[in-house]
Amino acid sequence: PTTIGIQRPDGVISWAVFRAAPTHTANGTLSGAIVTFLDITDRKRTEEQLVRSEEKWRSLATHMPDFVLIGRRDGAIQSINRVLPGYEMEKVVGSRGWEYIAEPLRDEWRQRYLEAVESGKVCRFDTRAVDDDGGPVWYETILVPLLEDGKTARVVWVARDITERRTMMSKLAEKERLASVGMVAASV
């Protein structure tokens, strides 16, 4: 069988699986051929759409500012859309996700991951990692179990850097505290 494209008079290409088999007379002389064409145009278009769709999703994930990962049940990273400078994709893939979490929060992060795997429920929390300079970086983490036959097969997780937001909230809380101290001092 051979897949061929056939251009119709209107310029549109239709796809077919072409097969040919020789036919012979009783004494073995070639008498002709049986040729079949199976129209697979719809299947071919669906395949092309899937490829384009996959390319769009890959482009979207690659250009997202968030980290998008797929992990196995045991926490090993199967894929990640990008890595931070200083890390190598080949070393990150296959490692456990919690290896990149700051030591005081590592056990809690691992526990939340394993709970999401066992419960099959989405889990959302903030966690702290360490940047290249050893400083804290805060991430909002969302763990989404992917179920197959009612059991978690893999986990998609999204990590969004919220360090700037947390810093701003901390400064705002400090200003509010100082303002309230000032109001108490003024009333005294």
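A salt bridge here is a side-chain nitrogen of Lys or Arg within 4 Å of a carboxyl oxygen of Asp or Glu. By that rule, the whole structure holds 11 salt bridges. The model is predicted: local features need pLDDT of at least 70, side-chain atom pairs count only at pLDDT 80 or more, and totals for chains, interfaces and linings use all residues. Residues are numbered from 1 along each chain as its sequence is written, and side-chain values use heavy atoms, with hydrogens and water left out.

View 1. Three strands form an open antiparallel sheet in the order S1-S2-S3. Strands (E, at least two residues) and helices (H or I, at least four) are DSSP runs, numbered from the N terminus; two strands pair if DSSP finds at least two bridges between them. Strands S1 (2–7) and S3 (30–39) are the edges, each pairing on one side only. Strand S2 (residues 13–24) is joined to S3 by 9 bridges. His 24 faces Leu 30 of S3 across the pairing. Helix H1 (residues 41–63) lies across S2 and S3, at about 135° to S2. Angles run from 0 to 180 degrees between N-to-C directions, with axes fitted to C-alpha atoms, for helices over the stretch in contact (heavy atoms within 4.5 Å).

**View 2. Asp 10 in the S1–S2 loop.** Asp 10 sits between S1 and S2. Its side chain makes a polar contact of 3.0 Å with that of Arg 8. The Asp 10 side chain also reaches the backbone nitrogen of Val 12 at 3.1 Å. A polar contact is a pair of N or O atoms within 3.5 Å; within protein, one must be able to donate a hydrogen and the other to accept it, and residues adjacent in sequence count only if both atoms are side-chain atoms.

View 3. Strands S4 (residues 67–72) and S5 (residues 77–80) pair antiparallel over 3 bridges. Gly 71 stands opposite Ile 77. With 4 residues between the strands, Gly 75 takes a positive phi near 95°. Arg 73 and Glu 118 form a salt bridge (3.3 Å, N to O). The pair ties the S4–S5 loop to helix H3 (residues 103–119), 45 residues apart.

View 4. Arg 106 and Glu 103 meet at 3.0 Å, N to O. They are 3 residues apart in helix H3, so about one helical turn separates them.
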